[in-house]
Amino acid sequence: MKNSRVLLMVSVVLGVLSLWPMVVMGGPKLHKVGGSKGWKENVNYTTWSSQEHVYVGDWLKFVFDKRYYNVLEVNKTGYDYCIDMTFIRNLTRGGRDVVQLTEAKTYYFITGGGYCFHGMKVAVDVQEHPTPAPSPSLSDTAKSGGDSILPSMYTCFGIIVANVVYVSLVLVGIL
């Protein structure tokens, strides 16, 4: 009985681990601007943004005290010179404001009222989602009109589910 529980646990863990790539390559990610420091003066947002991997569809979350600060999307000139008069849009709502990044480009955000000169500005480079390059043998197969040798995600998922069900049935004593 103890061996059957161990076997069941191992099969469940392996099943979950095999699903990990689908989770990792999953949906959009929420990036809190400035990390634990949030959106305030004297934070190095250049360092923060250089350490983030931001992709199309991801979200930025600005956490700040709305009594003092705001979040303005600006163009590069507005960012470089802290010009807050000709902003593209004002994202300020309640101090916990989010914006979805819908294009692969560099987005520029500043705070008005002179705080931009104290470092409250960030440029976020948004990339397309990376796609794995096929190996030469796979591209040769595709060029020749042959079928891909890789199983689909649904096939892998089906195999995993079938294995988990089979082991469960064996442990219960049905098979």
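User: Why does Lys76 count as partly exposed?

Analyst: This is a predicted model, so every value is computed from it. Lys76 has 45% relative accessibility. Buried needs under 20% and exposed needs over 50%. The value falls in between, so Lys76 is partly exposed.

User: What makes Lys76 and Asp80 a salt bridge?

Analyst: The closest N and O atoms of Lys76 and Asp80 are 3.0 Å apart. The cut-off is 4 Å, so the pair qualifies. Both residues lie in helix 3, four residues apart, about one turn of the helix. Asp80 has a relative accessible area of 34%, so it too is partly exposed.

User: How do you know that Arg89 forms a salt bridge with Glu73?

Analyst: The closest N and O atoms of this pair are 2.6 Å apart. That is within 4 Å, so Arg89 and Glu73 form a salt bridge.

User: What does the pair of Arg89 and Glu73 tie together?

Analyst: Arg89 sits in strand 5 and Glu73 in strand 4 (residues 72-74). The pair therefore links parts that are 16 residues apart in sequence.

User: Is Glu73 buried or exposed?

Analyst: Glu73 has a relative accessible area of 5%. The limit for buried is under 20%, so Glu73 is buried.

User: How many salt bridges does the whole structure hold?

Analyst: A search of the whole structure finds three. One of them joins Asp65 to Arg67, with the closest N and O atoms 2.7 Å apart. That is within the 4 Å cut-off, so it counts. Asp65, at 26% relative accessibility, is partly exposed.

User: What makes the phi of Cys82 stand out?

Analyst: The phi of Cys82 is near 55 degrees, a positive value in a residue other than glycine. Cys82 lies in the loop between helix 3 (76-81) and strand 5 (89-90). Its relative accessible area is 12%, under 20%, so Cys82 is buried.

User: Where is Asn42 placed?

Analyst: Asn42 is in the loop between strand 1 and helix 2. It has a positive phi of about 60 degrees, yet it is not a glycine. Its relative accessible area is 66%, over 50%, so Asn42 is exposed.

User: Why are strand 1 (30-32) and strand 6 (96-100) said to stand at the edges?

Analyst: Three strands form an open sheet in the order 1-3-6, with mixed pairing. Strand 1 and strand 6 have a single partner strand each, so one side of each is left without a neighbour in the sheet.

User: How do you know that strand 1 and strand 3 pair?

Analyst: Pairing takes at least two bridges, and strand 1 and strand 3 (residues 59-63) have three, so they pair. Their sense is parallel. His31 stands opposite Leu60 in strand 3. Strand 3 and strand 6 run antiparallel and are joined by five bridges. There, Leu60 stands opposite Val99 in strand 6.

User: Which residues of strand 6 form its covered face?

Analyst: Asp97 and Val99 form the covered face of strand 6, while Arg96, Val98 and Gln100 form the uncovered one. In a regular strand, side chains alternate between the two faces of the sheet.

User: Which strands stand at the edges, strand 2 (54-55) among them?

Analyst: Another open sheet, of five strands, has the order 2-8-7-4-5 and mixed pairing. Strand 2 and strand 5 are at its edges, each with a single partner strand, so one side of each lacks a neighbour in the sheet. Inside this order, strand 7 and strand 8 run antiparallel over five bridges. Phe109 has Val122 in strand 8 as its bridge partner.

User: Which residues touch the most other members of the largest nonpolar core?

Analyst: They are Trp39, Leu60, Phe62, Leu101, Phe109 and Val122, in a core of 20 residues. Helix 2 (45-50), strand 3, strand 7 (106-110) and strand 8 (121-127) each give two or more residues to this core. Strand 8 gives the most, with three. Beyond its neighbours within four places in sequence, Leu60 is in contact with residues including Leu30, Trp48, Val99, Phe109 and Val124.

How values were computed
Residues numbered from 1 in each chain as written. Predicted model: local features only at pLDDT ≥ 70, side-chain atom pairs only at ≥ 80, totals over all residues. Heavy atoms only, no water. Core = buried A, V, L, I, M, F, W, Y, C linked by side-chain atoms within 4.5 Å. Buried < 20%, exposed > 50% of the residue type's maximum accessible area, 1.4 Å probe, protein only. Contact = heavy atoms within 4.5 Å. Salt bridge = Lys/Arg side-chain N within 4 Å of Asp/Glu carboxyl O.
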